[in-house]
Amino acid sequence: MPERKSKQPLRLWAALLAPVVLFLSACGVVKTTYRLTKGTVVLAYKVTKFAGSTVYTVGGFTFDVITAPLSWPLTHDDIDTIDGLSPKEAIAQNRVKASPYVVRGKRYVPMTVAQAQTYREKGIASWYGNETYRQRGGHMTANGEAFNPDGLSAAHKHLPLPMFVRVTNLSNRRSIIVRVNDRGPFVEGRMIDLSAGAAKKLGFYEQGTARVLVEAVDLEG
């Protein structure tokens, strides 16, 4: 994956745009080849609003974002406070994005949006969501979205909520985009917690963990 600028920019852009033109003529949905700029994956995206939900199409992946009722339990009920408030109060007041929060007495301070724009890190990914299959009713993420264990989402301790990141399984090179909308994992040595659906696409659902590369996605368009 080259990070240096090409010496033949016109030829490069022609090659990149050719599949995009073919895709647009067939489906009418924007899809682009990603590139790296200052360590950040840059992708075109599309947003469609429906009653009760917003659908994001990012790099060929679709995310149906639904606001969860405040009566639903959090996926991580061990979050003590967010921005000095009870989690539900902070969610209701939209004070979650980069707010400090406390889990089991330990305070976590997320990155600013500016800091997260060039986030790129390798580490251990795990997955969660199996418990929600066995429990009645829905669950909400730490920023108030309905959690879908079969979807493409993730929990992270320090990234602002929400944001999109590209996750690559370094053992098999499978790569997907996920929406970070939750906090966790709060297990030592683990960097990111993916939904069960994301773990299946990356090929480590059965193993439970994998070494991955996580890169911030910068949305353009």
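Which residues of the largest nonpolar core touch the most other members? You're looking at a predicted model, where local features need pLDDT of at least 70, side-chain atom pairs count only at pLDDT 80 or more, and totals for chains, interfaces and linings use all residues. Residues are numbered from 1 along each chain as its sequence is written, and side-chain values use heavy atoms, with hydrogens and water left out.

**Exercise 1. Find the residues of the largest nonpolar core that touch the most other members, then look at the contacts of Val 178.**

Step 1: A nonpolar core is a set of buried Ala, Val, Leu, Ile, Met, Phe, Trp, Tyr and Cys residues joined through side-chain atoms within 4.5 Å. Buried means under 20% relative accessible area, exposed means over 50%, and partly exposed is in between (1.4 Å probe, protein chains only).

Step 2: Pick out the residues. The largest core has 49 residues, and Val 165, Val 167, Val 178, Ile 192 and Leu 194 touch the most other members. Strand S13 gives the most to this core, with 5 residues. (Strands are DSSP runs of E with at least two residues, helices are runs of H or I with at least four, and both are numbered from the N terminus.)

Step 3: Zoom in on Val 178. Leaving aside neighbours within four places in sequence, its contacts (heavy atoms within 4.5 Å) include Phe 63, Leu 152, Met 163, Val 165, Val 167 and Leu 194.

**Exercise 2. Compare the two pairings of strand S9 (residues 153–156).**

Step 1: Start with the side chains. Ser 153 and Ala 155 point one way and Ala 154 and His 156 the other, and all of them are buried.

Step 2: Take S11. S9 pairs with S11 in the parallel sense over 3 bridges, and Ser 153 has Arg 179 as its bridge partner.

Step 3: Take S12 (residues 192–195). Here the pairing is antiparallel, over 3 bridges, and Ala 155 stands opposite Asp 193.

**Exercise 3. How many salt bridges does a search of the whole structure find? Describe some of them.**

Step 1: Count. The search finds 4 salt bridges. Each is a side-chain nitrogen of Lys or Arg within 4 Å of a carboxyl oxygen of Asp or Glu.

Step 2: One of them joins Arg 104 and Asp 78, with the closest N and O atoms 2.7 Å apart. Arg 104 is in the loop between S6 and S7 and Asp 78 in the loop between S4 and S5, so the pair ties together parts 26 residues apart in sequence. Arg 104 is exposed at 59% relative accessibility, whereas Asp 78 is buried at 17%.

Step 3: Another joins Arg 120 and Glu 215 (3.3 Å, N to O). Arg 120 lies in strand S8 and Glu 215 in S13, so parts 95 residues apart in sequence are tied together. Arg 120 is partly exposed at 39%, while Glu 215 is buried at 1%.

Step 4: Arg 179 and Glu 145 also meet in a salt bridge (2.8 Å, N to O). This pair links S11 to the loop between H4 and S9, 34 residues apart. Arg 179 is buried at 7% relative accessibility, and Glu 145 is buried at 7% too.

Terms used: Two strands pair if DSSP finds at least two bridges between them.
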